Amino acid sequence: MEIFKYMETYDYEQLVFCQDKTSGLKAIIAIHDTTLGPALGGTRMWNYASEEEAIEDALRLAKGMTYKNAAAGLNLGGGKTVIIGDPLKDKNEEMFRAFGRFIQGLNGRYITAEDVGTTVADMDIIHEETNYVTGISEAFGSSGNPSPVTAYGVYVGMKAAAKEAFGSDSLEGKTVAVQGVGNVAYTLCDYLHKEGAKLIVADINQASVDRAVNAFDAVQVGVDEIYSQDADIFAPCALGAIINDNTIPQLKAKVIAGSANNQLKDTKHGDIIHEMGIVYAPDYVINSGGVINVADELYGYNHDRAMKRVSGIYDTIEKIFAISKRDEIPTYVAADRLAEERIERVGKSRSQFLQNGKHIITNR
Ligand SMILES: NC(=O)C1=CN([C@@H]2O[C@H](COP(=O)(O)OP(=O)(O)OC[C@H]3O[C@@H](n4cnc5c(N)ncnc54)[C@H](O)[C@@H]3O)[C@@H](O)[C@H]2O)C=CC1
Ligand SMILES: CC(C)CC(=O)C(=O)O
């Protein structure tokens with residue numbers, strides 16, 4: 001991969017490689033765009049097959065955060081970190097402290113939170129070294145684990161998508177095929193079960209499947225069988241790139257609405273599902289509940305205020321469907337337009353020079 005060429009093509013600002021020998025930390029912080037404000041995005045810990053794969057993931061996820069934060073109406077830019085390592089084996093306290101110091105070194109250009117493979121406890125350790133971390137323990141006046149709030153956002157977004165596809169936002173009696181029943185999807189299943197939806201679940205981790213089967217009468221299927229289920233809604237809640245050449249022909253669901261980031265392997269896959277008449281709730285819009293929640297910490301965290309804002313995902317998804325129909329474009333393009341237009345508007349309005357006291361040269 002030609003890194004600078006890639007960064008130039010997609011207009012990335014900064015890529016930071018962090019290494020600490022004592023703890024084994026190998027982290028990549030990607031900052032995509034800070035037009036709207038400091039870059040906020042979680043830290044993913046994953047056993048990447050290669051350094052190149054890790055860099056690509058950091059870059060893709062960071063750009064996704066720029067769009068997510070912009071579409072959610074947050075005054076935040078987009079960034080993300082990946083830590084290379086197995087979250088079950090390679091974590092230690094020194095690693096997250098070292099990482100916290102690297103974040104502190106960015107002086108507020110990047111603020112972190114949880115993502116796949118990291119927890120509130122990890123964020124608490126980072127907090128020992130920097131204040132530029134959200135999603136720490138509620139005891140600190142923070143918002144805690146963002147996953148349940150992400151799940152609520154996916155739930156309301158799914159209802160908006162159901163209204164578009166079936167004429168009603170009720171999920172009662174609808175069958176939802178859920179891929180991955182981890183932190184977000186477990187709470188999502190709870191909302192769906194309470195509303196009377198039928199659940200089909202698949203996960204590479206049998207304990208996660210068992211938990212959902214026992215709690216919600218979910219039906220278990222194999223990980224490769226989840227796409228072809230006779231379901232009304234497909235909810236991808238594991239990892240990215242799962243809407244691709246292999247999976248699209250298997251899909252029977254009329255709606256795709258789930259929490260996973262970067263669901264489309266390529267933009268062409270968004271075009272194909274649009275042509276097939278599948279209602280796709282764009283990933284970074286429907287899964288923005290977590291970041292909306294942690295971002296509220298910047299104002300002194302208030303749970304009710306954050307949840308009210310997360311409920312707005314329903315309206316944002318409806319707005320995207322309306323733009324998609326009006327301009328005859330796939331929903332993923334409509335979402336991108338919403339985000340890009342906001343970044344452009346705000347970027348223009350911030351382009352005038354403003355004296356802030358730091359520009360006066362003294363004591364030379
Ligand atoms: N936690 C949050 O607040 C947010 C999460 N997301 C995204 O939502 C997705 C899920 O996040 P979490 O629930 O936090 O992660 P998690 O790690 O708790 O859950 C993911 C689940 O997917 C399973 N899985 C992995 N590969 C699979 C496969 N091939 N087939 C079936 N299951 C598989 C894992 O075993 C795990 O149970 C991720 O893509 C994450 O980036 C997005 C926004 C916020
Ligand atoms: C706080 C996190 C949930 C933000 C993030 O990284 C994401 O939305 O993917």
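Mentor: Domain bounds here come from an automatic or database domain assignment. The model is predicted, so local features need pLDDT of at least 70 and side-chain atom pairs count only at pLDDT 80 or more, while totals for chains, interfaces and linings use all residues. Residues are numbered from 1 along each chain as its sequence is written, and chains are lettered from A and ligands numbered from 1 in the order in which they are written.

Trainee: What makes up domain 1 and domain 2?

Mentor: Domain 1 covers 3-63 + 76-140, and domain 2 covers 147-343. Their centres, taken over C-alpha atoms, are 25 Å apart. Ten residues from domain 1 and seven residues from domain 2 form the contact. Contact requires C-beta atoms, placed from the backbone, within 7 Å.

Trainee: Which classes of residue does domain 1 bring to domain 2?

Mentor: Five nonpolar, three polar and two charged. Nonpolar means Ala, Val, Leu, Ile, Met, Phe, Trp, Tyr, Cys and Pro; charged means Asp, Glu, Lys and Arg; the others, Gly among them, are polar.

Trainee: Why is strand E2 called largely enclosed?

Mentor: Look at burial. A residue is buried if 20 or more other C-beta atoms lie within 10 Å of its own, exposed if 12 or fewer, and partly exposed in between, with C-beta atoms placed from the backbone. Eight of the nine residues of E2 (residues 25-33) are buried, so the strand is largely enclosed by the rest of the structure. Strands are DSSP runs (E, at least two residues) and helices are too (H or I, at least four), numbered from the N terminus.

Trainee: How do you know that E1 pairs with E2?

Mentor: Pairing takes at least two bridges found by DSSP. E1 (residues 14-20) and E2 have seven, and they run antiparallel. So they pair by that rule. Gln 19 is bridged to Lys 26 in E2. The hairpin has four residues between the strands, and Gly 24 takes a positive phi near 85° there.

Trainee: Which strand pairs with E2 over six bridges?

Mentor: E5 (residues 77-84), also in the antiparallel sense. Ile 29 has Thr 81 in E5 as its bridge partner.

Trainee: Why is Gln 104 called partly exposed?

Mentor: Gln 104 has 15 C-beta neighbours inside 10 Å, so it falls in the in-between class. This residue lies in helix H3 (residues 93-105). Leaving aside neighbours within four places in sequence, Gln 104 touches Glu 129, Thr 130 and Tyr 132.

Trainee: Are Val 184 and Ala 185 buried or exposed?

Mentor: Val 184 has 29 other C-beta atoms within 10 Å, so it is buried. Ala 185 has 29 other C-beta atoms within 10 Å, so it is buried. Val 184 is found in helix H6 (residues 183-195), and Ala 185 lies in H6. Beyond four places in sequence, the contacts of Val 184 include Cys 237 and Ser 259. Those of Ala 185 include Cys 237 and Ser 259.

Trainee: What does UniProt list for "binding site"?

Mentor: The unreviewed entry lists Gly 180, Val 181, Gly 182, Asn 183, Val 184 and Ala 185. UniProt positions use the numbering here, feature names are shortened, and annotations may be inferred rather than shown by experiment.

Trainee: What makes a residue part of the shell around ligand 2, and which come nearest?

Mentor: Its C-beta atom, placed from the backbone, must lie within 6 Å of the molecule. Of the 14 residues, Gly 42, Ala 113, Pro 146, Gly 290 and Val 291 come nearest. Helix H10 (residues 289-295) gives the most, with three residues. Domain 1 and domain 2 each supply at least three residues.

Conventions. Two residues are in contact if their C-beta atoms, placed from the backbone, lie within 7 Å.
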